[in-house]
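Here is my notebook for a first visit to this model. Please open it beside the text and look along with me.

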Amino acid sequence: MADKKQNKRYNKNNDDDYNPKFRRPRKKVCALCANKDLELDYKNAEQLKKFVNEKGKILPRRATGACAKHQRDITLAVKRARHIAVLPYTQL
Ligand SMILES: [Zn+2]
C-alpha cells in the first residue's frame, strides 16, 4: 500500500512518462552560436524576418532560442533595420 503510493509519486516527478500533454519541447540551441559563419546583418531583411512575428514585433528568446548575447544582437539588428526602413515597425 505504502509502496504503491510512493511509486505513484515517483512517476509524477519523473517527466519521462508523465502526461504528454504537458511535455516540454526540447530546448532549442542558439542558431547564431551553432553556426559561426552566420552573421547578423541589419540590411538583410530576409534574415531578420525570422526573428520578428507577423506584426513586426521582435520574438522573445523562448521563441527564437537565441542565447542572451545573441538575442541582444538580434534586437539591435532589428531596431537598426527598422530605422533604415528595411523592416516595418508595425504591420496591421
Ligand atoms: Zn548565441
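What percentage of the 92 residues in the protein do buried residues make up? I looked it up, and the share is 11%. I call a residue buried if 20 or more other C-beta atoms lie within 10 Å of its own, exposed if 12 or fewer, and partly exposed in between, with the C-beta atoms placed from the backbone.

Some ground rules before I go on. This is a predicted model, in which local features need pLDDT of at least 70 and side-chain atom pairs count only at pLDDT 80 or more, while totals for chains, interfaces and linings use all residues. Residues are numbered from 1 along each chain as its sequence is written.

**Entry: the overall plan**

Helices (H or I, at least four residues) and strands (E, at least two) are DSSP runs, numbered from the N terminus. I then looked at contacts, meaning pairs of residues whose C-beta atoms, placed from the backbone, lie within 7 Å. Of the contacts with a separation of 6 or more, 63% join residues 24 or more positions apart.

**Entry: helix H5**

I followed H5 from residue 68 to residue 83, which makes 16 residues. From first C-alpha to last, H5 reaches 23 Å, close to the 22 Å expected at 1.5 Å a residue; the expected span is 1.5 Å times one less than the number of residues.

Which residues of H5 are buried? I listed His-70, Ile-74, Ala-77, Val-78 and Ala-81. They sit on the same side of H5, because they cover an arc of only 100 degrees around the axis; the arc is that of the directions from the helix axis to the C-beta atoms. On the face turned away from that buried side I noted the exposed residues Ala-68, Lys-69, Arg-72, Leu-76 and His-83. The cover over the buried residues of H5 includes helix H2 (31-34), helix H3 (45-48) and helix H4 (61-64).

**Entry: the nonpolar core**

A nonpolar core is a set of buried Ala, Val, Leu, Ile, Met, Phe, Trp, Tyr and Cys residues joined through C-beta atoms within 7 Å. The largest one here has nine residues: Leu-48, Phe-51, Val-52, Ala-66, Ile-74, Ala-77, Val-78, Ala-81 and Leu-87. H5 gives the largest share of this core, four residues. I picked out Val-78, which is in contact with Leu-48, Phe-51, Val-52, Ile-58 and Leu-87, leaving aside neighbours within four places in sequence.

**Entry: two partners from earlier in the chain**

Tyr-42 lies in the loop between H2 and H3. Tyr-42 counts as partly exposed, because it has 19 C-beta neighbours inside 10 Å. The C-alpha atoms of Tyr-42 and Ala-77 are separated by 4.7 Å, though these residues are 35 apart along the chain. Beyond four places in sequence, Tyr-42 is in contact with Ala-77, Arg-80, Ala-81 and Val-86.

Ala-31 is found in helix H2 and is partly exposed, with 16 other C-beta atoms within 10 Å. Not counting residues up to four places away, Ala-31 touches Leu-38, Gly-65 and Ala-66.

**Entry: after H5**

Where does Ala-85 lie? I found it in the segment after H5. Phi of Ala-85 is positive, near 60 degrees. Most residues other than glycine have a negative phi. Ala-85 is exposed, with 9 other C-beta atoms within 10 Å.

Notes
Contact = placed C-beta atoms within 7 Å.
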